[in-house]
Amino acid sequence: MLLPPYQSASATQRSFELQPGDFAGRVIAVTGATGGLGTQLCHALAAAGATVVMIARSEKRLDALYDALLAAGAPTPVQVPLAQDKAAETDYAELSGLLASELGGLDAMVHTAACSAAPMPLGDVSQADWARMFAVNVSAARLASLACLPLLRASSLASLVFLLDYKPNAYWGAYGVSKQALHALMSMLADETEGMRDGSGHPRLAVNGYDPGPMRTALRRKAFPGELENQSPQPSARLGPLLSLVARTDRLQTGTALYHD
Ligand SMILES: NC(=O)c1ccc[n+]([C@@H]2O[C@H](COP(=O)([O-])OP(=O)(O)OC[C@H]3O[C@@H](n4cnc5c(N)ncnc54)[C@H](OP(=O)(O)O)[C@@H]3O)[C@@H](O)[C@H]2O)c1
């Protein structure tokens with residue numbers, strides 16, 4: 001079977017916005033919470049009433065985001081400092097235990113954390129960098145998802161979303177290959193879980209991918225240092241399809257890789 005091809009996000013998905021209260025009482029975890037896209041996503045989810053579980057490696061940046069969310073009137077968020085290149089299975093088991101005991105479960109998880117590098121030929125990528133990018137971009141996403149699967153299965157509106165980036169061409173190195181692997185991981189997990197249906201025939205858990213296209217963030221600046229600030233959109237302009245996947249506006253949608261064109 002071929003990997004599911006990328007599908008262009010619909011106009012409705014591109015313009016999708018959450019309303020205050022849409023996620024009241026929901027617990028949503030975001031990896032890479034302090035990144036360009038992660039920060040905007042946390043704000044949007046919190047403004048809709050979600051309790052946001054912010055997973056990120058820098059305690060200082062986590063503190064700043066925590067303060068910003070509270071100042072905006074969000075439900076008290078939860079900080080989880082975690083260096084995902086070093087984290088082990090036990091760290092994710094601990095995370096899942098914390099979510100169960102302190103927050104009563106988990107409704108969605110969005111994997112935005114990503115490790116990248118300046119473009120270079122495959123032969124110039126050190127094995128240490130290759131391993132670090134696969135650890136963050138693929139292994140950590142797998143471990144976190146699997147550890148939280150029992151909690152997600154217990155939610156009435158469960159969603160897992162992986163941030164994709166279609167870069168299988170020259171000089172994208174470990175980042176490009178790891179994102180292709182993440183696409184396969186998403187597809188496999190969707191396939192393995194799509195048989196679990198609720199009473200209305202909807203998948204209990206939606207597993208999807210989203211490629212937001214170029215966004216003006218640290219990751220983009222590393223790959224295109226000469227690009228002018230106004231040559232790529234802000235991450236907030238690319239949130240619509242991602243929020244629609246988390247909100248499950250299409251209850252049957254699972255195993256798809258959306259992209260923003
Ligand atoms: N920007 C684009 O043009 C673009 C295009 C297509 C897809 N995407 C995807 O969109 C997602 C978000 O990217 P972005 O543009 O928002 O990039 P970003 O601003 O660089 O954010 C990436 C996040 O990953 C975190 N991270 C990196 N290494 C980590 C580690 N070892 N442990 C824990 N966290 C780690 C970073 O932590 P710190 O906050 O501590 O740095 C940051 O929060 C990524 O999955 C990316 O592949 C981006």
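Buried, as the word is used in these legends, means under 20% relative accessible area. The structure shown in every view is a predicted model.

**View 1. Cys42 and Cys148, two buried cysteines without a disulfide between them.** Cys42 has a relative accessible area of 0% and is therefore buried, and Cys148, at 0% relative accessibility, counts as buried too. The structure holds 0 disulfides, and Cys42 takes part in none, the nearest cysteine sulfur being that of Cys148 at 15 Å. Because a disulfide needs two cysteine sulfur atoms within 2.5 Å, the 15 Å from the sulfur of Cys148 to its closest cysteine sulfur, in Cys42, is too far for a bond.

**View 2. The largest pocket and the residues that line it.** The volume of this pocket is about 920 Å³, and its lining consists of 40 residues, with Thr112, Ala113, Ala114, Cys115 and Leu219 lying nearest the centre. Sorted by class, the lining of the largest pocket holds 21 nonpolar, 10 polar and 9 charged residues. The elements α2 (36-47), β3 (51-56), α5 (127-153), α6 (173-193) and α7 (218-223) each supply at least two residues of the lining, and α7, with 5 residues, gives the most.

**View 3. Tyr171 and Arg248, two loop residues with positive phi.** Tyr171 is placed in the loop between β6 and α6, where its phi is near 75°, a positive value in a residue other than glycine. Arg248, found in the loop between α8 and β8 (257-259), likewise has a positive phi, of about 55°, although it is not a glycine. The relative accessible area of Arg248 is 4%, so this residue is buried.

Key
Residues numbered from 1 in each chain as written. Predicted model: local features only at pLDDT ≥ 70, side-chain atom pairs only at ≥ 80, totals over all residues. Heavy atoms only, no water. 1 Å grid on protein atoms, 1.4 Å probe; cavity = no way out; pocket = protein on both sides within 12 Å on 5 of 7 lines; lining within 4 Å. Points joined across faces, edges and corners; volume = space filled by probe spheres on them. Helix = DSSP H or I, 4+ residues; strand = E, 2+ residues; numbered from the N terminus. Nonpolar A, V, L, I, M, F, W, Y, C, P; charged D, E, K, R; others polar. Buried < 20%, exposed > 50% of the residue type's maximum accessible area, 1.4 Å probe, protein only.
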